[in-house]
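This report describes the sheet, the nonpolar cores and the pockets of a single protein model. The sequence and structure are shown first.

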Amino acid sequence: MEFVNFKKAVYKIASQLNYEVQCFEAAGVTPNFHVAKISLPENEIYILCSIDGNWAYSNHFNTNDCHLNFIECDPFSYLLNSYLNISPLSVDQLNLPFNKQSTIDLSNVSESDISYWSPKTLGDTLFNWWD
């Protein structure tokens, strides 16, 4: 998904939920996904979107840290599905052991990256800091 469309979607849904958008970071070589930091009444979350259009949530993100802790955000997921017909990946899906035969589209993941980085989970494969 292009960054401009990611931002539009996040702003639209966050405003519907009265969540405050703190900042955005566009995908690059590293990390390979867009990020939006959102303030909820009780905490902050990070909305993630790969350039392939896979969505997820984490309660931790640091550009230089290379670690995500995937979480669920049901209200945001509900509206994302209602407005854009997008279903974010669940924590269970993201934490599945990596398998090349996954039902998730992995066409943009190169064999050489898989061999070199040896991802443990689907989440590690889709949302990464590989250079």
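Contact means heavy atoms within 4.5 Å. The model is predicted: local features need pLDDT of at least 70, side-chain atom pairs count only at pLDDT 80 or more, and totals for chains, interfaces and linings use all residues. Residues are numbered from 1 along each chain as its sequence is written, and side-chain values use heavy atoms, with hydrogens and water left out.

**Cores**

Not counting residues up to four places away in sequence, V10 touches V21, F24, A36, I38, I47, W55 and F76. A nonpolar core is a set of buried Ala, Val, Leu, Ile, Met, Phe, Trp, Tyr and Cys residues joined through side-chain atoms within 4.5 Å; buried means under 20% relative accessible area with a 1.4 Å probe, protein chains only. The largest such core has 22 residues, of which V10, I38, I47, W55 and F76 touch the most other members. At least two residues of this core come from each of helix 1 (3–17), strand 1 (20–25), strand 2 (33–39), strand 3 (44–50), strand 4 (55–58) and helix 2 (74–84). Helices (H or I, at least four residues) and strands (E, at least two) are DSSP runs, numbered from the N terminus. Another core, of 21 residues, lies apart from the largest one and includes V35, L106, I114 and W129.

**Sheet**

Two strands pair if DSSP finds at least two bridges between them. The open sheet has 5 strands in the order 1-2-3-4-5, with antiparallel pairing. Strand 1 and strand 5 (70–71) are its edges, each pairing on one side only. Selected strand pairs are listed below.

| Strand pair | Bridges |
|---|---|
| Strand 2 and strand 3 | 7 bridges |
| Strand 3 and strand 4 | 4 bridges |
| Strand 4 and strand 5 | 2 bridges |

I38 stands opposite I45 in strand 3, I47 opposite Y57 in strand 4, and S58 has F70 in strand 5 as its bridge partner. Strand 3 and strand 4 form a hairpin with 4 residues between them, and G53 in the turn has a positive phi of about 95°. Strand 4 is covered on both faces: W55 and Y57 are buried on one side, A56 and S58 on the other.

**Pockets**

A pocket is an open set of points on a 1 Å grid over the protein atoms alone, where a 1.4 Å probe fits, with protein on both sides within 12 Å along at least five of seven lines; lining residues have an atom within 4 Å of a point. The largest pocket holds about 250 Å³ of space, a volume being the space filled by probe spheres set on the points, which are joined across faces, edges and corners. Of its 14 lining residues, C66, D124, F127, N128 and W129 are the closest to its centre.

How values were computed:
Buried < 20%, exposed > 50% of the residue type's maximum accessible area, 1.4 Å probe, protein only.
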